[in-house]
Every structure is written in structure tokens, then in C-alpha cells.
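Work through the following exercises with the model open beside the text.

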Amino acid sequence: MESLDGKSAIVTGASAGIGAATATQLAKEGANVAVAARREDRLNELKDELEARYDTVIEVVPTDVTDEAAVAALVEATVEQFGGLDVLVNNAGLAQGADVESMTTEEYRTMMSVNCDGMFYATRAAIPHLRESSGALIFLGSFAGKFPRPFNPVYAATKWWTRGFAKSVSAQVGTDMGVTVINPAAVRTEFTVGGDSDFSGAPFEELFEPGEAVEPEEVAESIVFAAKQSPSMVSELDIYDRGKFTGL
Ligand SMILES: NC(=O)c1ccc[n+]([C@@H]2O[C@H](COP(=O)([O-])OP(=O)(O)OC[C@H]3O[C@@H](n4cnc5c(N)ncnc54)[C@H](OP(=O)(O)O)[C@@H]3O)[C@@H](O)[C@H]2O)c1
């Protein structure tokens with residue numbers, strides 16, 4: 001396994017949840033990290049916290065991943081600041097709405113543009129740099145991207161898209177870089193999902209008690225594990241709470 005000390009990473013959706021935990025774990029490993037999301041105040045707080053704790057540089061790059069030019073600029077700024085790019089964590093994502101028949105077009109387009117377009121823009125901009133570094137390209141898929149989902153099918157479909165995209169990009173880039181999909185089941189973050197189900201629309205960190213769902217730090221550790229693989233790769237990792245299959 002490769003050390004991440006001194007390596008360069010980008011984490012999208014780093015202002016909360018899995019993304020913030022991943023930036024933290026990468027910084028702990030000695031990587032310099034560009035943290036990207038829309039909420040700049042959150043990113044600045046994270047930068048202050050991580051630079052105080054670890055010998056690392058955190059670059060705050062406020063970015064809306066649906067903005068193609070902003071995502072390209074994020075990648076270029078990171079390469080310029082850190083001298084290259086070793087790891088991209090395509091993490092920014094959200095769920096809105098519920099059933100297909102009640103979903104607004106705006107909700108549909110928002111999920112498609114953040115969860116799919118955003119990952120495409122970042123991947124496209126990062127590939128040349130990851131090829132140069134023989135780096136790691138990591139995607140947040142989901143349990144929802146592996147099985148049919150009766151609530152919020154559109155969110156689930158964006159995660160099927162993510163897995164399909166990642167696997168096909170992996171086929172395209174071949175031995176040039178590692179490509180990994182991480183598939184968590186419910187994680188205790190600010191993430192919410194609508195739908196007519198036990199998931200009431202409250203943030204998962206409120207909906208689930210500790211131990212009832214995965215913690216963001218556990219997902220972050222698996223992302224770092226994947227980022228360290230070389231010359232092999234972790235193709236896909238499923239991270240579920242132990243009770244995930246009870247009651248099926
Ligand atoms: N939590 C779960 O149960 C779970 C399970 C499986 C997979 N996942 C996936 O894991 C990833 C992270 O989710 P999470 O649980 O950490 O959710 P979260 O706590 O709600 O965080 C989502 C992050 O995405 C960012 N984001 C949303 N829209 C964005 C945009 N247009 N541009 C840039 N950043 C944007 C948010 O930042 P700003 O609002 O500051 O922009 C935030 O940092 C997502 O892809 C999600 O689908 C989550």
C-alpha cells in the first residue's frame with residue numbers, strides 16, 4: 001500500500017458528513033486536501049481545525065459541482081497549488097423528493113445534476129492528472145445503487161448511474177489509475193431522503209442512534225484504504241450496518 005503523506009487530494013462535498021470525515025482522514029494521513037462544496041464558512045472551519053491538528057495544507061475551494069467551469073477551476077487550482085493530483089473523491093450528492101409520480105422536475109434535475117453531472121465534470125477534469133500520478137479515482141455510490149428501491153427511485157438511479165460510470169471509466173483508463181466505488185448503507189450524516197418509508201425526511205444523524213447505522217468516519221477510513229491501493233485497486237466496497245440484511 002502507498003503512503004498518502006505529501007499526496008494531493010480533492011474531496012467534493014467536504015463541508016459535511018462523509019466528505020468532511022474523508023478530508024479529515026486524508027489530512028491525518030499527511031495528504032494535502034482541496035475541500036470543495038458550496039458552504040464556504042464550513043470549509044474554512046474545517047481548514048482551521050485540520051491545519052491545527054495535522055502537518056498538512058487544506059485548500060478551500062468553494063464549488064458548486066453542477067457548475068462545469070467551477071469544477072474545472074477546482075481541479076486546476078489544486079494541481080497548481082499542490083503540484084499535481086493523486087486522489088479525487090467524488091462525494092458531493094443529495095436526495096430530494098420521493099415517489100416518481102409526486103416528484104417535481106426541479107427535484108429530478110437537481111439530483112441528476114449534482115449526483116451525475118457533478119461526478120462527470122470532476123472526473124473529466126481530473127483524469128489527465130490522475131493518469132500522470134497513477135492516482136486514485138473514488139466515487140460514492142450507495143446501497144441504493146445496487147438494489148431496487150421503493151422510495152425515491154430517482155435518487156437510487158443516480159447511484160446506479162454512478163456505479164455504471166465508474167466501472168466503465170475504469171475500463172477506459174485501464175492500468176493508468178485505480179477506480180473505486182464505495183457503497184454505504186445508511187450513514188449518520190446530515191443526509192436526508194424522502195419517500196414513503198421509515199425514513200421520515202429527518203437527517204440520518206437524527207434518525208439513527210449510534211450503532212444503528214454506519215458512521216461517516218467508517219466510510220472515510222474505507223475511502224482512504226482504497227486511495228492507498230497501488231498497483232492494484234479496490235474496485236468496490238460495501239459498508240453496511242450489521243443488521244442490514246435482517247428482515248429482508
Ligand atoms: N448518508 C447516507 O446514508 C449515504 C448512503 C450512501 C451514499 N451516500 C452518499 O454519500 C455522499 C455524501 O453524503 P453525506 O451522507 O455525507 O451527505 P451530507 O452530510 O448531506 O453532505 C452532502 C455534501 O454534499 C455537498 N453538496 C450538495 N450539493 C452540492 C453541490 N451542488 N455542489 C457541491 N457540493 C454539494 C454538501 O455541501 P454544500 O451544501 O456546502 O454544497 C455536503 O458537503 C453522497 O453522494 C450520498 O449520496 C450517503
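**Exercise 1. Identify the polar atoms of the protein that approach the ligand, and state how far the ligand is covered.**

Begin with Gly13, where a polar backbone atom is 3.0 Å from an oxygen atom of the ligand; a polar contact is a pair of N or O atoms within 3.5 Å, and within protein one atom must be able to donate a hydrogen and the other to accept it, while residues adjacent in sequence count only if both atoms are side-chain atoms. Next, turn to Ser15, whose side chain has an N or O atom 2.8 Å from an oxygen atom of the ligand. Then take Val65, which places a backbone N or O atom 2.9 Å from a nitrogen atom of the ligand. Finally, consider the cover: on its own the ligand has 880 Å² of accessible area, and the protein covers 95% of this (Shrake-Rupley method, 1.4 Å probe; for residues, only the protein chains shown count as cover).

The model is a predicted one, in which local features need pLDDT of at least 70 and side-chain atom pairs count only at pLDDT 80 or more, whereas totals for chains, interfaces and linings use all residues. Residues are numbered from 1 along each chain as its sequence is written, and side-chain values use heavy atoms, with hydrogens and water left out.

**Exercise 2. Is His129 buried or exposed, and which side chain does it contact?**

Locate His129 in helix α4 (residues 105–133). His129 counts as buried because its relative accessibility is 16%, buried being under 20% relative accessible area, exposed over 50%, and partly exposed in between (1.4 Å probe, protein chains only). The side chain of His129 is joined to that of Glu76 by a polar contact of 3.3 Å.

**Exercise 3. Examine the backbone at Ser134, Asn152 and Pro231.**

Start with Ser134, which is not a glycine and yet has a positive phi of about 50°; Ser134 is found in the loop between α4 and β5 (136–140), and with 46% relative accessibility it counts as partly exposed. Asn152, also a residue other than glycine, has a positive phi near 45°. Asn152 has its place in the loop between β5 and α5 and is buried, since its relative accessible area is 0%. Last, look at the peptide bond between Ser230 and Pro231, which is cis with omega about 5°; Pro231 belongs to the loop between α7 and β7 (236–239).

Terms used. Helix = DSSP H or I, 4+ residues; strand = E, 2+ residues; numbered from the N terminus.
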